[in-house]
Amino acid sequence: MDSTVQERARATRRSLLEAAACLFAEQGYAGTSVNDVSARSGRTSGSVYFHYASKEGLALAVVRDRFATWPGLAARYANPAVPPLERLVALSYEIARALAEDTLTRAGARLWAERDIIDAPLPDPFALWTTATTRLLAQARSAGHLARQVRPAPTARTLVRAFFGLCTLTEALEGPQSITHRLTDWWLLTLPCLQRGADPAETVGRARAEVMTEIAPGATA
């Protein structure tokens, strides 16, 4: 297959994936059909089946594209010059922003929540997130930044579940635009229980500013 044909095939797959993600995010898995994806993408239903074989295949591809690969974001927050808890907070803001604004991320999260009606094994990102959070908490303990009573592994499990619960309920009750604001409230409540020797408000402010600066250079929290 020559490069032109390969590029055309990649473009087709991407357009189908993005159309499916928009529909899954808006309508859910049960409310979306292959014909809907065909109409939204401007491609034929035969094209959908050629590239993804089934609606389940499309759902799996959407989850894998963004939602299940979020733990790779943690590599962007590995700077040892930044305190580990500040890196953890900044990472949470980036995930929250993606949940609020990125269609593929939103679709992946909704599909995972609806996994019981999807006849395909969707990847579970939460174990990887828990591992990443445990690592950052352990680093904070080694640096003397973690409260003495905090144990990294069980605390990480609780934080990951509470974070995603917060995001899910906030979107349901207030809409996705409120997720970042509620996350700030959550960290200001949670950090005093975790952190030793620093002002939680300053940690949250720096972390949020770091993510905001990536979005619009020069922005402040």
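Cys 167 is buried, at 4% relative accessibility; buried means under 20% relative accessible area, exposed over 50%, and partly exposed in between, with a 1.4 Å probe and protein chains only. This is a predicted model, in which local features need pLDDT of at least 70, side-chain atom pairs count only at pLDDT 80 or more, and totals for chains, interfaces and linings use all residues. Residues are numbered from 1 along each chain as its sequence is written, and side-chain values use heavy atoms, leaving out hydrogens and water.

**Confidence**
- The chain has a mean pLDDT of 89, and 94% of its residues reach 70 or more. This score is the predictor's confidence in each residue, from 0 to 100.
- Residues 215-221 have a pLDDT below 50. Beyond near neighbours in sequence, this stretch has seven contacts in the model; a contact means heavy atoms within 4.5 Å.

**Cysteines**
- A disulfide is a covalent bond between the sulfur atoms of two cysteines. The search counts a pair of cysteine sulfur atoms within 2.5 Å, and finds zero disulfides in the whole structure.
- Cys 193 is partly exposed, with a relative accessible area of 49%.

**The largest pocket**
- The largest pocket has a volume of about 370 Å³. On a 1 Å grid over the protein atoms alone, a pocket is an open set of points with protein on both sides within 12 Å along at least five of seven lines, whereas a cavity is a set where a 1.4 Å probe fits but cannot get out. Lining residues have an atom within 4 Å of a point.
- Grid points are joined across faces, edges and corners, and a volume is the space filled by probe spheres set on the points.
- Of the 14 residues lining this pocket, Ala 109, Arg 110, Ala 113, Thr 168 and Glu 171 are the closest to its centre.
- Helices α6 (103-113) and α8 (152-174) each supply at least two lining residues. Helices (H or I, at least four residues) and strands (E, at least two) are DSSP runs, numbered from the N terminus.
- The pocket lining has nine nonpolar, two polar and three charged residues. Ala, Val, Leu, Ile, Met, Phe, Trp, Tyr, Cys and Pro count as nonpolar, Asp, Glu, Lys and Arg as charged, and the others, Gly among them, as polar.

**The cavity**
- The count comes to one cavity of 30 Å³ or more. The largest cavity holds about 140 Å³ of space.
- Its lining includes Trp 129, Phe 163, Phe 164, Trp 186 and Trp 187. Two or more residues come from each of α5 (84-101), α7 (126-142), α8 and α9 (179-194).
- By class, the cavity lining has ten nonpolar, two polar and no charged residues.

**Single residues**
- Thr 203 is found in helix α10 (residues 200-215). Thr 203 is buried, with a relative accessible area of 1%. Leaving aside neighbours within four places in sequence, its contacts are Leu 85, Glu 86, Val 89, Leu 191, Gln 195 and Ala 198.
- Thr 130 lies in helix α7 and counts as buried at 16% relative accessibility. Not counting residues up to four places away in sequence, Thr 130 touches Ala 156, Arg 157 and Val 160.
- Ala 53 sits in the loop between α3 (45-52) and α4 (55-65). Ala 53 has a positive phi of about 75° although it is not a glycine. Ala 53 is exposed, with a relative accessible area of 56%.
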